[in-house]
Amino acid sequence: MHFLKHILKDINKNIIIKFFKKRRINYIMLIIIPFFILFFSTVATLAPQKYELEVGQKAPEDLKAPRDIEDKEETDRLIQKAIESVEPREKMDPTIQIDSKKKAERFFKGIDQIRQMEEMSEEEKLILVKDKNVLKLSEKELLLLLTIAEKDLKNIESYTYEMIMQVMSTGIKEEEIEKEKKNIESYFNGIKEFNASMRLLGSQIVNHSIQPNRFLDEETTEQKRKEAEESVEKVIIKKGNIIVNEGERITKEQLKILTNVGMTKQEGQDLSLYLGTALLIIMVQFLLIAYLYVFNREIFDSLPKMYLIWIIFLSVYLVSKTTYQISNYVAPVATAAMLISILLDAKLAMIVNIGMSVLLTLNNGNHMGFFITTLIGGTIGAFSGAHTHQRSNIFLSGLLVSMSNVVGMMGISLINHYEWYKMLVDSFYGLLNGIFCAILTVGSLPFWESAFHILTPLRLLELSNPNQPVLKKLLLEAPGTYHHSIIVGNLSEAAADAIGGDDLLARVSAYYHDIGKLKRPYLFKENQLTCENPHDKIGPRLSAKIITSHVKDGIEMGKKAKLPEEIIEIIEQHHGDTLVKFFYHKAKTEEKNDQLNDDDFRYKGRKPQSKEAAIVMLADSVEAAVRSMPEPTPEKMKNLIKKIIKDKVEDEQLSECPITLKDLEKVATSFQTVLSGIFHERIEYPEMDTKKIEVAK
């Protein structure tokens with residue numbers, strides 16, 4: 001026996017390991033398969049057709065740019081022209097002018113000091129002057145400075161300072177220094193008060209004093225050249241523009257452009273295109289998976305729902321690509337957002353729409369106008385599709401998408417100064433887009449609901465129709481149960497709405513919760529039209545078995561009728577494992593057995609797992625109890641409702657569902673409100689004498 005337990009344990013362990021391995025493989029496939037479908041379909045659009053081309057060859061057909069491409073040769077030519085047009089910037093060094101003047105001042109000061117040494121001979125003075133000859137004048141010029149009149153020396157000194165300031169204040173470049181020296185000589189030659197020797201002396205002093213003080217400003221010049229380069233707009237060959245006309249001989253420059261866009265076989269594979277496409281697709285997949293993992297683990301942990309998301313994504317993506325031949329703006333991108341919003345979640349639909357817009361914009365030549373309209377239109381489709389209760393509302397969502405497309409396209413057209421004709425055509429296609437999205441959504445929605453067993457508000461409303469086969473059969477064969485179910489539905493809807501549950505699911509589930517009674521409708525009190533009760537003739541154990549079996553029968557009938565899993569679960573859970581007290585106590589009395597096993601008199605269903613299942617359980621018990629009251633009053637109903645809820649709590653029937661005590665208070669209040677409207681006091685009308693009425697006639 002111990003050995004057998006180990007074997008069973010190992011078998012269970014292997015089953016669990018295989019399950020998780022299989023689950024892991026499914027998630028890997030959910031990443032790999034969409035990636036390759038998106039990758040190859042995108043590359044097929046972006047990768048151009050390749051040709052065997054060479055310089056001088058005639059173009060086999062009009063060779064058009066597969067995408068926006070920069071004409072680098074022309075751009076470089078314009079950049080070079082702009083750089084050459086920039087004049088070199090120069091800067092002056094004011095310290096050089098000051099130093100030159102100070103140098104001349106020191107020189108003249110030294111000459112003046114030596115001239116005042118009267119005790120020294122001219123030869124001795126000349127020797128001293130030579131030591132201070134910073135201006136590198138000739139011996140003859142130095143001697144002239146020592147011997148000329150004081151007045152003439154002062155004039156030369158004055159002219160020297162004036163010329164240094166005048167010439168250097170505007171700046172002198174290295175290559176201009178000789179020209180300036182000649183100008184200075186010409187200037188001194190024009191001074192009539194000087195003789196020839198003094199004119200030569202003055203020009204020599206100034207020419208030996210001045211220095212270049214204007215230089216090339218390399219930093220500023222380089223900055224201006226850079227600004228000129230940046231101001232040049234790139235020459236772009238737009239997608240679809242002809243690079244080489246058919247029959248035209250291909251030039252070297254054209255061949256280079258064709259090679260850059262990957263249209264020549266010599267170029268080989270465009271690895272950057274493949275790598276860039278792969279990175280964008282990976283980012284979109286990461287965005288979607290990360291959002292689900294962080295914000296919606298329920299969907300992330302559901303493989304069918306994950307498959308549903310990717311199948312819708314890929315289907316709409318491929319359909320959208322085929323519409324490019326008509327117009328980019330016809331692409332029904334919002335269809336994915338509308339479907340996922342209705343089937344799963346509106347916020348998730350917005351994330352899907354972002355990813356779809358990014359990838360389709362990439363396929364569309366990175367057209368920003370297309371990206372803006374699809375992003376806005378899909379977002380509107382997502383939140384307008386949430387909580388849709390009628391299929392006609394989907395067309396309203398489509399019209400909202402159409403309106404957003406038209407407004408968006410008009411705004412983009414006005415900003416870009418498009419022609420009115422183009423704006424009207426694009427707006428027309430945007431209008432068609434929303435209608436197209438609505439048609440695709442309505443047409444494909446039943447398929448998604450059926451294939452992936454998704455319960456939408458639309459499906460619930462269809463199931464609530466009295467002409468549904470099961471409900472119609474319930475009305476004809478078990479009218480009491482049908483009436484009971486309708487009231488339970490009203491109670492459940494009000495209660496679910498009060499606590500923020502799914503009111504539509506609660507109501508429709510209540511309609512079907514007792515369909516198991518159709519197997520033996522006459523054995524249930526509400527369907528017995530006479531005072532005779534079949535249970536009086538059979539034992540309490542059999543009666544309890546018959547009563548509790550309607551849950552099992554209901555599950556079987558629900559599956560046969562292909563009811564949604566959520567409704568079947570509520571059918572299973574609406575009694576939990578409650579004790580059938582009447583027959584239990586009857587059995588104890590008849591069998592006189594105080595140790596009676598109560599498991600034989602309990603329902604075999606699961607306890608409620610959701611708020612909606614708990615509400616249907618409570619509404620079912622409350623409706624039956626209130627209906628059996630002889631004279632229901634608001635106070636009596638209130639006390640009875642509280643007692644029933646208290647009994648369910650104490651029996652731990654609500655221990656497995658996320659309903660709180662605060663929720664139960666709201667449920668009790670909503671039950672009382674609905675039941676007060678049903679069992680209200682009626683006005684007693686006085687009897688009328690029909691004979692008098694006949695006489696009056």
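Predicted model: local features only at pLDDT ≥ 70, side-chain atom pairs only at ≥ 80, totals over all residues.
**Helix packing, cysteines and a buried threonine**

Helix 3 and helix 4 run roughly antiparallel to each other, since their packing angle is about 160 degrees and an angle over 145 degrees is counted in that class.

**Helix 3 against helix 4**
- Helix 3 spans residues 94-115 and helix 4 spans residues 122-131, and the axes of the two lie 10 Å apart.
- The crossing in which helix 3 passes helix 4 is right-handed.
- On the side of helix 3 the contact is made by Ile-111, Ile-114 and Arg-115, while helix 4 contributes Lys-125, Leu-128 and Val-129.
- Sorted by class, this contact of helix 3 with helix 4 holds four nonpolar residues and two charged ones, with no polar residue taking part.

**Cysteines**
- The count of disulfides comes to zero, where a pair of cysteine sulfur atoms would have to lie within 2.5 Å to be included.
- Cys-437 has a relative accessibility of 0% and therefore counts as buried, the limit for that class being under 20%.
- Cys-657, with a relative accessibility of 9%, likewise counts as buried.

**Thr-221**
- Thr-221 belongs to helix 9, which covers residues 218-231.
- Because its relative accessibility is 2%, Thr-221 counts as buried.
- When residues up to four places away in sequence are set aside, Thr-221 touches Pro-88, Arg-89 and Leu-216.

Conventions: Residues numbered from 1 in each chain as written. Heavy atoms only, no water. Axes fitted to C-alpha atoms, helices over the stretch in contact; angles between N-to-C directions. Helix = DSSP H or I, 4+ residues; strand = E, 2+ residues; numbered from the N terminus. Parallel < 35°, antiparallel > 145°, perpendicular 65-115°, else oblique. Left-handed = near helix turned anticlockwise from the far one by under 90°. Contact = heavy atoms within 4.5 Å. Nonpolar A, V, L, I, M, F, W, Y, C, P; charged D, E, K, R; others polar. Buried < 20%, exposed > 50% of the residue type's maximum accessible area, 1.4 Å probe, protein only.
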